[in-house]
Every structure is written in C-alpha cells, then in structure tokens.
Amino acid sequence: MTSPHEPCLALENVTVRYAGQSRPALRAASLVVEEGELVLVAGPTGAGKSTLLGTVNGTVPHFTGGHLSGRVTVCGLDTRTHKPRDLAALVGVVGQDPAAGFVTDTVEEELAYTLEQLALPAPVMRRRVEEVLDLLGIADLRRAPLADLSGGQQQRVAIGSVLTAGPRLVVLDEPTSALDPVGAEEVLATVSRLVHDLGLTVVLSEHRLERVIGMADRLVSVDGEGTVSWGRPGDVLATLPLAPPLVELGRWAGWSPLPLTIRDGRRAGVTLREALDDVAPGRNPVVGPTGSATTRSILLRGTGVQVRHGALTAVAGVDLALASGEVVALMGRNGSGKSSLLWALQGSGPRSGGAVEVTAGLTRATDPATLPPSSRRGVVGLVPQSAADLLYRESVGAECRQADRESGAPDGTCRGYLDRLAPGLPDDRHPRDLSEGQRLALVLSVQLTPAPAVLLLDEPTRGLDYAAKRALRVLLAALADDRRTVLVATHDVEFAAVAADRVVVLAEGRVVADGATAEVLCDSPAFAPQVAKVVAPHRLLTVEQVRRAMQAAVGRRP
Amino acid sequence: MRLAGSVLPRDLHPVGWWAWAIGMAVAASRTTNPLLLLLTVSVTGMVVVAKRGSSPWARAFRLYLALGSAVVLMRVVLHVLVGQKAGTIRLLALPGVHLPGITLLGPLYLEGLLAAAAEGLRLATLIVCIGAANALANPKRLLRTLPSALHEIGTAVVISVSVAPQLAESVLRVRRARALRGEQGGGLRTVGRIALPVLQDTLDRSLLLASAMDSRGYGRRAAQRPATRRLTAFLTLTGLLGAALGLYAVLDQTSTGIAGWPLLAAGLVLCALGLHVGGRGVHRTVYRPDAWAGPEWAVAGSGVAAGTLMVVLAAHQPTSISLPLEPLGWPALPWPGVLALAVGAAPALLAPPPPVARRGAAA
C-alpha cells in the first residue's frame, strides 16, 4: 500500500486538456509535496488553479472529463487507477461553497457521512466524530441544522467532515472567499492548527494571498498559460507581477527577504517608521482622497431605512447619504444586513420602514421604489452578489446589444464599458464560459449602460484576482470623477483601503462606524489593512500613500 | 418490554411511527362516523404536538391539516355541483341542468350533504394520519433503514427531494435580478429568461454535490463477479414477477383456485434474497442507527391495535360506526371505537421525548 518513502503528493509532467479548448488548462506541471507541508496555490482567475487541485484526488479527469497526461500519485497511489471515491480515506477535498457539498441535514450526520461510506464500525465512527467536534470547537453545534450555521461555521463543518476519515492530505479550494474577515480568521486558524498540531499536509488555493502567505511552506504559482512554478514563498513572490500589499511595500522599500507576515513587516519597517516620523510629526497625516460630503450634492439619501424578513430584522434604521463623486465601502460581518440595505436603497428589494430619495438626474427628489423598474435602473444601478443571474443571452455580443436596446443607449455603449474593464473579450463567447472577473465585468457593463448616477455593488471582489481588482478600482475612480456615486459592499479590507473614500460599517443592521477610510480602518484590529499595521501609528493605508508621504518629504528637504 | 429506559430523549425509529400512522389510517378508513373521525384527528394531532422534533418536516403538520380542510370543502362543493342528490329533507331547490349521464346542481338534500361531508372527513383524516407520520419521522431517516442494495437509489431520492426548495429559491433570486435589468410583469417571454439561469444554477449545484459525494467515497463497492451480478438480477426479476402475479390473484375476486398468497409470498422472498445478494457488494455502515426497542414496539403496537379493533368492530357492528342517514339521526359513539382510538393515543405517553436541537448559539 503506502510506503513511507513516497512523497505525499507528486505530479510528474502533468498536462490537462479539456475537450473543445485550444490550449491546455495545465501545462507540463511537476510538483512534489512532502508530508506535513502547507502548500498555497496562487494565480489569476481561470488560470487552472481548480484544475490543479482537482488532479490531486482524481476528480480531474475521472469526474470532470478531459485528458490528463503525465502521472499523479498520492502517497504512492496513482490516480489513473484509483478513482476519487477510492481515495476518500487518503485525500479530503473541501470546495469553495461548503453548503453545496453537504449531503445530510445536521452537523453530526455530516461529519459521519464519509465514515459511513468507508464502512467503519460504529464505535470507531462515534469516537472520530467526537474528536473532530472537539478539535474544531463545534461540539455545541452537533445537532444544529447545517442550513442555520454561519458561513465560517459551515466551512469548519465541511473541513471537519473530511477530517473524520483521517486523511493524509487535505485539499481546500478557496476556503475563505465567501467569508467576512472574522469568519476567514476562524477557518484559517483551524487550517493552521491542522498543519501544526496534527501534521496534516494541506494544499490550499486562495486569491487574497495576504491572508495565508505567512503560514505557507511552499507557494505554487499557476500563470495564465497553465504553467506551474513552485518554491519557497519569498522566492516565488519575487517573480510575480502582482502581490499582497505587504510584499509590494517590501519591494518598494527594498527589504530583503520580503516580509510575509505583519510581524516580519514591523521588524523590517523600523527605519521606514522613523523616516515617516520626520515627515509628519503629527503622526496622522490623513493622506488620500477624503472629500467632505457637505460640499458636494447628495445624490441618494436614505433615512431610517428598515428591512424585515419575517421575524428577522435585517436593517434596523440606517441613515446614509451618498454624495456625488465619492466611492463608499459598506463593510460588516456576514448577515449584518449589507445586501438587504443595498436592495432597499435600489428600490427593487423590500423596505419595511424609512425613506429613500434620489435626486440624480430627476426634476425632484423621488423614491426609487415608486419608479417602474426600467427607469429605476437608469437612476440607481445594482450589481447583485450572484451577478450571473442577470445574464441570459447566449453570447457576450448578444448580451451587450440587449443591454443597449433595453436602456435606449446608442449602439456600442455596453461594449465600450466592457472594453475598458476587460479588453478583448470575444463577442461570441458564452457568458457561462467567462472567468469570474470577466463575468463581473460584463454584468457591470450591462448595469452601467443606462448611465445611472448611483451605482451599488454587492461583493464584487469575490473571486477576483489582483489584476481584476485593480481594473475595478480604476473604473470606480473614473465613475467618481464623472460626479457619480458608488456604494460597494465588500469583505476585502485591502480593496476598501485603496478604492474607497469613506467606509460605513454595519452590525446587526445598524451603522456602527461611518467616516473617512483611514479613520475607520486604522482604528479597527480586524479591518486594518496590512500597510496600516506595519506603519502604525501612522495612518497610511496603501503603499501608494506611503510613497507619496515620503516623496513629499524629499520635496521639502532636498 | 423495557420501558424504563425510554425517558431519555431520542428519535423513535421511523418505521415505528409509520406503523402507528398506518394503523390509525386503517382505523379511520373503516368509519364514516364523524365523531370517531374527529376523535382520530384529535388523537393524531395530540401525539404530533407531544412528540414532534424541531425539523422543518415537523413544522409542516399544519399544512396537512389545511389540506384536510380543503378536501372536506372540495367534497361538499363537488356534491353540490355534480353529486347524486337523494334524501327527504330538502334544503334548497336549485334548478338542475340535465346533461346526458350527469346532472349539474339540482335540489339539495340534507342527507346527501352530510354524507358527502362525512366522506370528505374520512379522506381528510387519512391525509392527516400520513401527515402525522411525516411530521414525526424524518423521511430521510426512513430512507436510511433501506437495505444496503438500495442505499444508492435512496440517496439519489433524498437529494432530488432537497432540490425542490433550492429550485424555488433560485427562481426567486433570478426574478429579483431580472427587475434590476428593468423587466416587469410576467408573460411567456420572461419564463424562458428565468428558466435558463435557474436550470444552469441547479445543474451547477448538482454537479458540485455529485463531485463532493464522489470524493467522499459515495458509490464505493467491492468488485463483484459477473456470476453474482447475474444471480442478483435473476432473483430480483423473478421475485418481482411472482409478487406481481400473486398480488393480482389476491386482489382479483373473480379468480378462484389460484394460489395467490403462496405466489405472492414466494415472490417477496425471492426479492429479499436478490437484495441480500446484491447488497453484499456494498460496504457501508450506519452512524447511530435508529434502535428498535421497547418504545418502538409500543408505538407500532398501539397503531396496529387501534386499526385491528376498528376492523373487528366494522365487521360486527357496521351500523354503529357509520353515520345514520335513513332515517337521519345523531351518530352513535360506540365504546369499542373510542377504546380503539384511546389505544392509538398511547404513543403520546409511551414514545420517548424528541431530542432538542441546540441551534448555532456560538458565534
């Protein structure tokens, strides 16, 4: 069976080709993962990260189809001859959306499911389920219905349900992409515990490298062509064009080795902080675009907005004004009422109390809910969380023409936005075949076509790589320059730090903080971006701000 | 019977609840006496309220009550519209429309109306009994008691059942999204625009689930020799054929002399053998299998006893358990019938209390 000399996972010259696609999803990938390593897989969206993870237990190609050449071995077992179900006891796989993989109703039954399939005797099952319940700290949830759990809890149950089988290797595909910062911390703490206390081997993919890079032993980079390179995180990061803000800061400051954790960054940044002390003795130069809303015209104003779903109060009286030319980030944990608020402000969702008024492009202040949907979207546009719901035509070109027609916009308007966001997207591509970022770009273009003065975005950064986030940020800034206003609900603090002028934090349906980005983000341990943590007590959020602060100093004292 | 241990909260074996509910349904099917029928509904309702858990299934009991009321109403309306009107006490002289073979409306008599209502009530009581079984025993747990050869089919059934609420949720979400593109109202054109994303969404989810189940070991089976597979197929097919022929012979009252019961029994035995042989290739175990102990015997027994008592009563005193129509009179309340239903109420005391679900209290 398994020999101790075998590496935990070995890919030898693996090429994966799906039917009907001209270029391979994975090109001659070779990789060795030793026992007890935490391996992080990074790369732009659609580059083949999921394909790489799928080859580990044979889901690619046994389940997905396609052609795999080369050899994949897990603890010495070849996936050519072993199907995913045969490897269930060796490899545990946790998907992006934990709820989509649940087979049973309650936590305890879900934890036991794999064991039942493996035909373990009942006493062993009971013992293992208890151990995993304790290990993950979910013992008091054992009888809870899976549907009632929060996102972080669901993800931990999903991890637990593969752990009970006692696997040697655990594969996690973007385990935190749907979670708020706190839920993500819970899950990553669990992963770290598995590696350090149990000595499990973990292969993990993640877009927001900044969260995991400090824990990783190896970094595997999959580029847009499907080529795989791997090595120590610091070495691989040095070659990547886009990297977490901390690494960018390290590159700009010329630190070597590049810092991967906040601790490394603070230790390397002593001289930087001293230099900043000289620049700004006042210690909090709020640098960056922080316009005051009073001098600008208010485009949308909600007063005492309430949303109730049955017995549950999602939004409990929120006052919010959006001024022209500002980008506002809406933050808060999962279930704090962000989506409900956006829908209520747009007017298509339910609102049980309070008032919403838009003034943009109208003769007098109007409640958007009273407008017919077709003219409502010309005033307030909303891109919902599952953006793909808006698409129903069979090609990108048809979708763009449809958008022009239904908005009464000149031909090519939608295509114009799309070319700015995602240049070179072929007209005949089916919307389902787009990557996450490309699909968001298409939906965003469709919603921008009637030129609404107010744009609301619900979690647009989910699943976006650094390049797509940068493109989104540039577009939002352009909209703000065009005297429009943008409200973005997001969990991504790094994105909020660079893209937003103002941050509003919701908790339990109420506004708990509303102020300039630097003020709100720097004060919070959970929400502070990496750069702010490194240069604290200076209130600088981004590498760009640090760079400008230092340049100003050079200008003053040549 | 060891009833001492029954005080600990636990789920009763689902087969126990179904046996009880079927017994109650048999009892209800024998009578048109509205007093006995209403008593049956009260008894099942009481047991459900006393012993149901906190699952979504349990909360659905009121839907069955509503469905029952609708059935009674429907039966009366149908009687007024197209029923055979007969009786002596005329309530309303509606004009009748005579069509070939059927009369619409027509004079309305109290006897006919009451008979229709009693018929409707009997049907409603049967529905409530089945609803009680669904509320008390999670259908998913019932499927877990299937023999292992049917395990994979059972899982597929469970998943297809859980697709329905997901589908409804997807439709709602896509409709809301459509409003964002400025569409309003219904019409056939919007059906296609909603159906496409919903179907894609459902397909995506099913594939995700199938992939997750595959990588968690679903469908592992030991390699079977072709001879074993052929034996399984032979046993199951022959058994099914025998059972079908036997059942036909038993139910067909005109045929005589054919040994219906032995044929049926032999067919069922062959089926069981086939399932056993086929199930040997499936290696799986059940986590916390539902126990069959004293309380299960008591619950199932009380339902069977109630049904049997009522069947016996119907054979000996058919008049006492039906609504007297000619002449119209107040229904009797025969004590054996009441006793039967009182026995049926026993699970409210004998069944163990359901376990309490502690919800996601920790953040």
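1. Start with helix 16 of chain A, residues 436-448. At 1.5 Å a residue, its 13 residues should span 18 Å, and the end C-alpha atoms are 18 Å apart, which agrees. The expected span is 1.5 Å times one less than the number of residues. Helices here are DSSP runs of H or I, at least four residues, and strands are runs of E, at least two, numbered from the N terminus.

2. A word on the source. This is a predicted model: local features need pLDDT of at least 70, side-chain atom pairs count only at pLDDT 80 or more, and totals for chains, interfaces and linings use all residues. Residues are numbered from 1 along each chain as its sequence is written, while chains are lettered from A and ligands numbered from 1 in the order in which they are written.

3. Helix 16 of chain A is mostly covered, with 12 of its 13 residues buried (20 or more other C-beta atoms within 10 Å of a residue's own, C-beta atoms being placed from the backbone). The buried residues include A:Leu440 and A:Val443. Their packing partners in chain A are strand 15, helix 14, helix 15 and helix 17.

4. Helix 3 and helix 4 of chain A pack at about 130°, with axes 10 Å apart. They are therefore oblique to each other. Axes are lines fitted to C-alpha atoms over the stretch in contact, and angles run from 0 to 180 degrees between N-to-C directions.

5. Which residues of helix 3 of chain A meet helix 4 of chain A? They are A:Glu108, A:Leu111, A:Ala112 and A:Leu115. Contact means C-beta atoms, placed from the backbone, within 7 Å.

Conventions:
Two residues are in contact if their C-beta atoms, placed from the backbone, lie within 7 Å. Angles under 35 degrees count as roughly parallel, over 145 as roughly antiparallel, 65 to 115 as roughly perpendicular and the rest as oblique.
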